[in-house]
Amino acid sequence: MKPLFHPRLINPPFEDPILFIDFLYDKKAIIFDLGDISRLDGNEILKIEKCFVSHTHMDHFIGFDYLLRSILRSNKKLEFFGPPGFTKNVEGKLKGYTWNLVKNYSLELHIYEVRQRSIKRSKFICREGFKKYTFPSLHFYETLIENAQYSIKAVLLDHFIPSLAFSLNEQFHININKEILKKLKLPPGSWLKDLKKAIWERKPDSMVINVPGENYSFSLKELKEKLVIITRGQKITYIADCLGTPENFSKIIKLAKGSDYFFCEAYFLEEDNNLAETRGHLTASQAGMLAREAGAKFYKIFHFSPRYKIYEKKLYEEAEKAFQSKK
């Protein structure tokens, strides 16, 4: 069965951390962190509809300018989610440029600043020189987004500054039984995408689905019973920079519980734990332990300190040893 979400780390582990999640059969994607995104091609950048930024240290946020330049002429409403102070940082970047030639550009940037119990909202309109508009704050408790296909939860971690961790949860997974499709002599095509959308949006079973180019029509209930396989959705968790403290560990394990994919920073080796504590980062051993405690099916470590360029293998070995260890 083909998964709906396809996560991949864009850069090698010694470079800026970015997790790009492509949506199968759909022209959209989301991205966790905005370091150097130059390895993404133009089509991939244009697919991005939501950006989730853990914090605004340069290696996690320098790609904002590259992204903005790439989409400036597009007709998009791009959403950004970031930690306390995020709105001011976005506004500062926008004020660094002159916008006298953008009156016909319809791009909008919607900013969601995630605080402990609230989300501060604002938007910047390109054609008005990125003039800022503010809106009433929303209540926040773990869930940032909830739609027909997926939800995204977040927690604030301690990195000597607030740093967000994120978890994407697919509501449920829909696959088409190709053997039955063939047996019914029905063609593949965009109508199957419409069928999936109707199921995600929980349309009534009596809804009629027409097969384009064919003299066939079915109720949604018939197609669900004959053609559709519904299974548990994917869970993808992204953990960026944070201290290796019991409080952070507890938050991470709760957020990541049952993850299919667990992506976690591992800046230092355990032998340099004193440096990890000083710099506010996790060790490879801690990352492996967190993946194990969360019950992750697959984990990937990233964001390594340059000091280990000739010892890269040790980071993977240390994480795997902790992942395989018994409680």
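Which residues does serine 151 touch, not counting residues up to four places away in sequence?

## Surroundings of serine 151

In this predicted model, serine 151 touches Ile145, Glu146, Ser167, Leu168, Asn169 and Gln171, with residues up to four places away in sequence not counted. Serine 151 belongs to strand E10, which spans residues 150-158. Its relative accessibility is 6%, so serine 151 counts as buried, the cut-off for that class being under 20%.

## The eight-stranded sheet

An open sheet is formed by 8 strands in the order E1-E2-E3-E4-E5-E6-E7-E8, and its pairing is mixed. Strand E1 (5-9) and strand E8 (131-139) are the edge strands, each pairing on one side only. On average, neighbouring strands of this sheet are turned by 20 degrees against each other, direction ignored.

Within the sheet, strand E3 (residues 29-32) and strand E4 (residues 48-52) run parallel and are joined by 4 bridges. Alanine 29 has isoleucine 48 in E4 as its bridge partner. Strands of a sheet pair through backbone hydrogen bonds, in either a parallel or an antiparallel manner.

## Helices packed on the sheet

Helix H3 (residues 63-71) packs on the sheet, where it touches E4, strand E5 (77-82) and strand E6 (108-114). The direction of helix H3 makes about 170 degrees with that of E5.

Helix H4 (residues 86-94) also packs on the sheet, and its contacts are with E5, E6, strand E7 (118-125) and E8. The direction of helix H4 makes about 150 degrees with that of E6.

Technical notes
Residues are numbered from 1 along each chain as its sequence is written. This is a predicted model: local features need pLDDT of at least 70, side-chain atom pairs count only at pLDDT 80 or more; totals for chains, interfaces and linings use all residues. Side-chain values use heavy atoms; hydrogens and water are left out. Helices (H or I, at least four residues) and strands (E, at least two) are DSSP runs, numbered from the N terminus. Buried means under 20% relative accessible area, exposed over 50%, partly exposed in between (1.4 Å probe, protein chains only). Contact means heavy atoms within 4.5 Å. Two strands pair if DSSP finds at least two bridges between them. Axes are lines fitted to C-alpha atoms, for helices over the stretch in contact, and angles run from 0 to 180 degrees between N-to-C directions.
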